[in-house]
Amino acid sequence: MIVQEQLPMVAVPSMNDTHLEEMIIVNRLESAARSGDIQSVEKILQEFHEHSIEHFTSEETLMKESGFPAFHVHKAEHDRHLHELEALRKYFDTNRDTKAIVAYLDGNLVKWIIHHIQTMDTVSAMHIQTHLNS
Ligand SMILES: [Fe+2]
């Protein structure tokens, strides 16, 4: 489970709101996976995937509008993560393995989310905040 205190705050409030929504979805996914609830895991994985696409698109729009110089580096990381999510959904559709979802969350996803916010999102948000609000 991710607790709110683990989520680094960035300089753009709407991005923080989105990260909080993401945290809630990920925690729901973890509970469903830990209880072996295949139907819920499938539904929440889809919801998480759709939320991630919207989440990244809105960050990318803000980066573009503010002329963020490392746009492509940040977008490449979003794209990599979306491909990983697609692969995970395909794997789950075939194998129905809720334990693999728990392992992915524990071993990879939660660390990635926190690290991504701490690094790329923090830097991008500082740029966005200075260049769009002045
Ligand atoms: Fe990001």
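**Notebook: a chain of four helices**

I started at I128, and I found that I128 touches V12, L62, M63, S66 and F68, leaving out residues up to four places away in sequence. Touching, or contact, means that two C-beta atoms, placed from the backbone, lie within 7 Å.

I noted what kind of model this is. It is a predicted model, where local features need pLDDT of at least 70 and side-chain atom pairs count only at pLDDT 80 or more, while totals for chains, interfaces and linings use all residues. Residues are numbered from 1 along each chain as its sequence is written.

**Overall layout**

I counted four helices and zero strands in the protein chain. Helices (H or I, at least four residues) and strands (E, at least two) are DSSP runs, numbered from the N terminus. Along the sequence I read the pattern α-α-α-α.

I looked up the dimensions next. The C-alpha trace spans about 50 × 25 × 20 Å along its principal axes. For 134 residues, a compact globule would have a radius of gyration near 14 Å, and the chain's 15 Å agrees with that. This radius is taken over C-alpha atoms, and the globule rule is 2.2 Å times the number of residues to the power 0.38.

I also checked contacts between residues at least 6 apart in sequence. Of these, 72% join residues at least 24 apart.

**The core**

How much of the chain is buried? I got 21% of the 134 residues. A residue is buried if 20 or more other C-beta atoms lie within 10 Å of its own, exposed if 12 or fewer, and partly exposed in between.

I then looked at the largest nonpolar core, which has 20 residues. Such a core is a set of buried Ala, Val, Leu, Ile, Met, Phe, Trp, Tyr and Cys residues joined through C-beta atoms within 7 Å. V12, L29, V41, I44 and I128 touch the most other members. α1, α2 and α4 each supply at least two residues of this core. The largest share, seven residues, comes from α4.

**Helix pairs**

I took α1 (residues 13-34) with α4 (residues 98-132). Their axes come within 10 Å and cross at roughly 170°. Axes are lines fitted to C-alpha atoms, for helices over the stretch in contact, and angles run from 0 to 180 degrees between N-to-C directions. α1 and α4 are therefore roughly antiparallel. The cut-offs are under 35 degrees for roughly parallel, over 145 for roughly antiparallel, 65 to 115 for roughly perpendicular, and oblique for the rest. On the α1 side the contact includes V26 and L29, and on the α4 side L105 and L109. I sorted its residues into 11 nonpolar, two polar and four charged. Ala, Val, Leu, Ile, Met, Phe, Trp, Tyr, Cys and Pro count as nonpolar, Asp, Glu, Lys and Arg as charged, and the others, Gly among them, as polar.

I turned to α2 and α3 (residues 71-95), whose axes are 11 Å apart at an angle of about 170°. That makes α2 roughly antiparallel to α3. Among the contact residues are V41 and F56 of α2 and L82 and F92 of α3. By class I found nine nonpolar, four polar and five charged.

**Two single residues**

Is K43 buried or partly exposed? K43 sits in helix α2 (residues 38-65). It counts as partly exposed because it has 14 C-beta neighbours inside 10 Å. From K43 to L62 is 19 residues in sequence and 29 Å in space, C-alpha to C-alpha.

M126 lies in helix α4. With 14 other C-beta atoms within 10 Å, M126 is partly exposed. M126 and S31 are 95 residues apart in sequence and 34 Å apart, C-alpha to C-alpha.
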